[in-house]
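Come along and look things up with me.

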Amino acid sequence: MEKKATSNETEPLTSKKDVSDCNEGEDCKENGLLVRNPKSALRLVEDGNKVHPSQGDKGEAAQISNGYSGVQSSVPCNGMGEAEGAQCTAPAATTTSSSTACGAEGQQQLMELEDRETWSKKIDFLLSVIGYAVDLGNVWRFPYICYQNGGGAFLIPYAIMAIFGGIPLFYMELALGQYHRNGCISIWRKICPIFKGIGFAICIIDLYVASYYNTIMAWAFYYLISSFTAELPWTTCTNAWNTGNCTNYFSKDNVSWSLHSISPAEEFYTRQVLQVHRSNGLDDLGGISWQLTLCLLLIFTIVYFSIWKGVKTSGKVVWVTATFPYIILFILLVRGATLPGAWRGVLYYLKPDWQKLLATEVWVDAAAQIFFSLGPGFGVLLAYASYNKFHNNCYQDALVTSTVNSMTSFVSGFVIFTVLGYMAEMRNEDVSEVAKDTGPSLLFITYAEAIANMPASTFFAIIFFLMLLTLGLDSTFAGLEGVITGVLDEFPHVWSKRRELFVLILIIICFLGSLATLTFGGAFVVKLFEEYATGPAVLTVVFLEAVAVSWFYGITQFCSDVKEMLGFTPGWYWRVCWVAISPIFLLFVTCSFLSNPPELRLFDYDYPYWTTVVGYCIGTSSVICIPIYMVYRLLSTPGTLKERILKSISPETATEIPFGDIRMDVV
């Protein structure tokens, strides 16, 4: 939609008279909603309930872009659908006659404007976004993918995919959330209503993530509790859970490592923490581990009291949870660099294999890594940005947080591989043999074992698993806030005054959904959800989101929105990325995944074929919301098919633009 001036517009808002002239007094001068109708005229809808200090006298009116003008309604209304005793009439200079936005919809919009909280400080927002983007995957997934795909050579496709795919999508979501000030569901009324199913799909995906991601934190919490001993329990082979194959090659005895040898750290992880030996696979998960259940209950309790009051509460918690991991990473990096054999791990981590760049899967891995690391598509960036001040520089925020995220991943590789080099030195093996563990096993087996055999092992174990816990908590805060903001903005009449109750219900749902991952075979469920339930679904969601914004809402309109906030229009690079490169980037990764689904294997268990079908069904259960809502929208909209389509792809509600304490609603 182009912003064109119409014949209905008279005096620009740079005139103080427009916001001050009224029959009865000062309330009309200092309160109101500026509403822009589909013909681009602005109406001033009076709000007599509250008095806000006018900013017009401070010269801020000059910031309004051309094409906006103030026109007061001739209908008496207090902005909440009720008539006032003192009737405000349009001044002589403004002659447009138009109806007001009174009624239920006007009331809802006014409630959103008056009640929506904002971040206490800019740093609260930055730390929250950094804490969300930097999670457990930065510590274990990036180092593994890097050395698997050519070491230092992998940084080239990683940087290219970040510049042309990940960062533009990250910036786009921050700008959308900050401009429209809505969660992942209701925001589509202001962009392209027929795509509203994307919001429901995002909420389902976030619930799936919460059902398994927090279980990994429960494992870390179990390790943390077990670390408060003089001798760490995964250092010896004399425990009740150990088998005859347990071999402690760190002992002072001359012990040889054989093909069937199992380290005490691996047996502690598989037989004591997970107890996978008591499960036969996904078709026989076994009972529920009460130890892990208690750990998860404590984690969800912490999460609830961190987010129940909104971003003003969670924004303070992230001062600890987002900064503490960097302190620990620095300590572990210094400690790892001083270990014997550390140089072997670093060399293995960064030694470039240029032939790998010719392989398609390397570029797919690079694209997937930067995408899942930055995290667009989970509704979190939309939610967090919606609590920003309107003129916050989200462009700068996108560049800063993306850079911090990528640098954290890179530095984490040194933290991990200095220790792997030390392990290889102790075992007298190649680093490739030591580094064959992937995913959580890299942290809970390999790294835990290395820490246990360092001087001051108890101290390093405590801070390491505390770091993992804080990394995970940030991401959990963010994921659930994406759902909470989306639902509260969509149903404000039900939940706006009952946030604490809704958060409690949501936490209970997530806890009950996690029970399958707390069984003896829960690790198999976690692996299945991680690979199939979220990956392809999130990629599809963000692809459709990019298409809806760039092609239906319009790249020109979107760039105009950004200019309203930041004062400058995004350059051609951003436009080309949003319109073409980023959607192609997403389509490329999605098609590559679907054409070559991963063959899952965990420990000694090969996933049967039917589990792949189940995984795709779980992933489809979220994405199916998008076509279902499209059909519902077209069937419920009156008119001919052409009229229905046009109405369904046209924004239907206003977007509030703050002007001092006056709000402009742009349709």
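**Helix α25 and what covers it**

The expected span is 1.5 Å times one less than the number of residues. Helices here are DSSP runs of H or I with at least four residues, strands are runs of E with at least two, and both are numbered from the N terminus.

Before going on, I noted that this is a predicted model, where local features need pLDDT of at least 70 and side-chain atom pairs count only at pLDDT 80 or more, while totals for chains, interfaces and linings use all residues. Residues are numbered from 1 along each chain as its sequence is written, and side-chain values use heavy atoms, with hydrogens and water left out.

Which residues of α25 are buried? I found Cys625, Ile626, Tyr629 and Arg633. They cover an arc of only 95° around the axis, so they sit on the same side of α25; the arc is taken from the directions from the helix axis to the C-beta atoms. On the other side of α25, Ile628 and Leu635 are exposed. Buried means under 20% relative accessible area, exposed over 50%, and partly exposed in between (1.4 Å probe, protein chains only). The cover over the buried residues of α25 includes α7 (197-226), α22 (535-566), α24 (609-623) and α26 (641-648).

**Helix α13**

Next I checked α13 (residues 360-374), which has 15 residues and reaches 22 Å from first C-alpha to last, close to the 21 Å expected. Its buried residues include Val362, Gln369, Phe371 and Leu374. Among the elements covering the buried residues of α13 are α4 (122-133), α5 (136-148) and α15 (394-427). Just after α13, I saw that Gly375 takes a positive phi of about 80°.

**Ser386**

I then looked up Ser386, which is found in helix α14 (residues 380-386). Is Ser386 buried or exposed? Ser386 is buried, with a relative accessible area of 0%. Not counting residues up to four places away in sequence, Ser386 touches Arg116, Gly177, Gln178, Arg181, Asn182 and Thr485; contact means heavy atoms within 4.5 Å.

**Aromatic rings**

Rings of Phe, Tyr and Trp (its six-membered ring) pair if their centres lie within 6.5 Å; planes under 30 degrees apart count as stacked, over 60 as edge-to-face and the rest as tilted. By this rule I get 53 aromatic pairs. Tyr171 and Trp574 form one that is edge-to-face, 4.9 Å centre to centre with 80° between the planes. Tyr171 lies in α6 (residues 155-180) and Trp574 in α23 (residues 572-595), so the pair ties together parts 403 residues apart in sequence. Tyr171 is buried at 1% relative accessible area, and Trp574 is buried at 9%.

**Core and totals**

The largest nonpolar core has 179 residues, and Trp219, Trp234, Phe465 and Phe558 have the most contacts inside it. Such a core is a set of buried Ala, Val, Leu, Ile, Met, Phe, Trp, Tyr and Cys residues joined through side-chain atoms within 4.5 Å. Beyond its neighbours within four places in sequence, Trp234 is in contact with residues including Tyr223, Pro264, Phe268 and Phe465.

Last, I wrote down that the protein has 26 helices and six strands. Of its 667 residues, 59% count as buried.
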